[in-house]
Amino acid sequence: GTVDVKVPLNFWCGDRVKIKDVSTTEPVYEPATGRVLCELELCGSVEVNQAVQAAQSAYQAWSRMSGMERAHIMIEAARIIENRREDIAEIEVVNNGKSITEARMDVDSARLCIEYYAGVASTLAGQHIQLPGGSFAYTRREPLGVCVGIGAWNYPFQIAAWKSAPALACGNSMVFKPSPVTPVTAVMLAEIYAKAGAPEGLFNIVQGGQETGNLLCHHPDVAKVSFTGSVPTGKKIMEMCSKGVKQVTLELGGKSPLLIFEDSDLGNAVKGALMANFLSQGQVCSNGTRVFVQRQMLPEFLEEVVRRTKDIEIGDPLLESTRMGALVSRPHLDRVLGYVEQARKEGAKVLCGGEPFVPLDPKLRGGYYMTPCVLGDCTDDMTCVKEEIFGPVMSVLSFETEEEALLRANNSALGLAAGVFTSDVKRAHRVVEHLKAGSCFINNYNITPVEVPFGGFKMSGIGRENGQVTVEHYTQMKTVFVEMGDVDSLF
Ligand SMILES: NC(=O)c1ccc[n+]([C@@H]2O[C@H](COP(=O)([O-])OP(=O)(O)OC[C@H]3O[C@@H](n4cnc5c(N)ncnc54)[C@H](O)[C@@H]3O)[C@@H](O)[C@H]2O)c1
Ligand SMILES: C[N+](C)(C)CCCC=O
């Protein structure tokens, strides 16, 4: 309730930029209190051009550096992030509303991602292929050029790092557009890269919403767009990029299933279901919001999951004891509460939560809080089971057999993640083999080590973030043929 953001939030050519003739601004809120944090200056075509131009000129120098040279700067950036961990985490809380405990984990994930790709930078290599007569060919893994990153509001700093780290390691430069709802921390990352010794313009921030995003996607000097956000926006991004035949990475929404078999360890299954639903106030793409529990285990599972959900400490996200902070905005809170109401009307039983929550602290009265909700008696046709709610709402369903659970789990156009709890190791692998999802968890949920690829099947996305495979999404392969003899001409 005390932070005002007065510094400019746009960043290119190595510095924060105050826009000269600001035509449009948008208020940015502090979810914990409902206060206005700042007025965001939105970028138009002039500013987008300036940022892309800055990225283009940085690309010339950066792409010619060796992987080891790039790694050196990225390691320094990671070191600065570690030193500023608390500072970044606190601002993330103020702008996003999540608990300080989770914000620290996000900053750590961002740092680890940069460290990981610093290590990968020097491993980029091609192949040598022997051809007849002593001739040969070799391949080079080359960067794409200026890449654009477009982020969602649920993991503002982490998304900026998950996109920039592989892009930069591979020799690209980047223009990143955060969500206008959470514009504050990505620019801290830009400052950190600059302070670590990155060439001016290597990582730039343009602020804005849909219009700014459109300008970036259509820009002729942009080679690739990596997007994190909703399915409808992802489709538009893909369409825009098709005009310039640009590469895309799409990290989109989910409605992921979590299958809990009767032979599971109850304590772990309940903890898994809580981790699958209530991190970041339930605003997590990979959340396992359709919790299928085998019938015999349902009563004890429900009793324990409801008991633990009621115990979740809600309130000031900057307090160490808080486990659930505020949702990101008033309209989003209303939307999530609307889903609970609709679930009730469609026959689901609200076993706990699903109500607006007003903290005792008068400073927090205008914040966007709700009690985490468990819905029982859910069926596959209910809206709460079919649509991504993106809030702290767990829908519990029951099942009898493995085959039935798999059929119902896969009955979705989305396929970001899935989980299974069982003590039968054969069943675990059999089930995972049949689950149509990009990221599957056995006996755990929502862990994302940066060395492991993350991304979706079906309408949940294209491409992967993290892990070695992401190098393929930020480079292109050049093949070089070398003739050692004479040209054997047909003419
Ligand atoms: N798969 C993942 O890794 C992942 C991670 C986080 C969030 N998400 C998904 O993101 C969604 C929530 O985030 P959101 O509400 O910020 O999503 P959103 O799609 O509304 O916005 C995402 C970003 O796209 C920008 N944007 C909107 N319209 C655009 C356009 N026409 N052209 C270019 N850019 C445009 C927004 O300004 C924002 O920066 C959920 O569906 C969630 O599942 C996915
Ligand atoms: C770190 N989490 C919680 C797995 C989130 C991954 C990114 C999705 O929103």
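**Notebook: one predicted chain**

I looked up Gln 294 and found 6% relative accessibility, which puts this residue in the buried class (buried is under 20% relative accessible area, exposed over 50%, partly exposed in between, with a 1.4 Å probe and protein chains only). The model is predicted, so I kept to its cut-offs: local features need pLDDT of at least 70, side-chain atom pairs count only at pLDDT 80 or more, and totals for chains, interfaces and linings use all residues.

**Gln 294, continued**

I placed Gln 294 in strand S13, residues 290-294. Helices (H or I, at least four residues) and strands (E, at least two) are DSSP runs, numbered from the N terminus. Which residues does Gln 294 contact, leaving aside neighbours within four places in sequence? I listed Ile 260, Phe 261, Glu 262, Phe 399 and Glu 400, where contact means heavy atoms within 4.5 Å. For Glu 262 I also noted a distance of 2.9 Å between its backbone nitrogen and a polar atom of the Gln 294 side chain.

**Ser 173**

I found Ser 173 in strand S8, which covers residues 173-177. Not counting residues up to four places away in sequence, Ser 173 touches Ala 55, Gln 56, Tyr 59, Gly 145, Val 146, Cys 147, Leu 168, Gly 201 and Leu 202.

I looked up Phe 157 in helix H5, residues 156-169. Phe 157 counts as buried because its relative accessibility is 0%. With neighbours within four places in sequence left aside, I found Phe 157 in contact with Ile 81, Ile 88, Glu 92, Val 107, Ala 110, Thr 185 and Leu 189. I also took the C-alpha separation of Phe 157 and Asn 172: 19 Å, for 15 residues along the chain.

Leu 189 is also on my list of buried residues of H6, with Ala 186, Val 187, Met 188, Ala 190, Ile 192 and Tyr 193. Helix H6 (residues 186-195) has seven of its ten residues buried and is therefore largely enclosed by the rest of the structure. Just after H6, I noted a positive phi of about 110° at Gly 197.

**Asp 334**

Is Asp 334 buried, exposed or partly exposed? I read 43% relative accessibility, so Asp 334 is partly exposed. Asp 334 sits in helix H11, residues 330-345. Its C-alpha atom is 20 Å from that of Gly 254, 80 residues away along the chain.

**Whole chain**

I counted 15 helices and 24 strands. The radius of gyration is 24 Å, close to the 23 Å of the globule rule for 491 residues, so the chain is as compact as a globular protein of that length (C-alpha atoms; the rule is 2.2 Å times the number of residues to the power 0.38). The C-alpha trace spans about 80 × 55 × 40 Å along its principal axes. Of the 491 residues, 58% are buried. Among contacts with a separation of 6 or more, 74% join residues 24 or more positions apart.

Notes: Residues numbered from 1 in each chain as written. Chains lettered and ligands numbered in written order. Heavy atoms only, no water. Polar contact = N/O pair within 3.5 Å; in protein donor to acceptor, adjacent residues only side chain to side chain.
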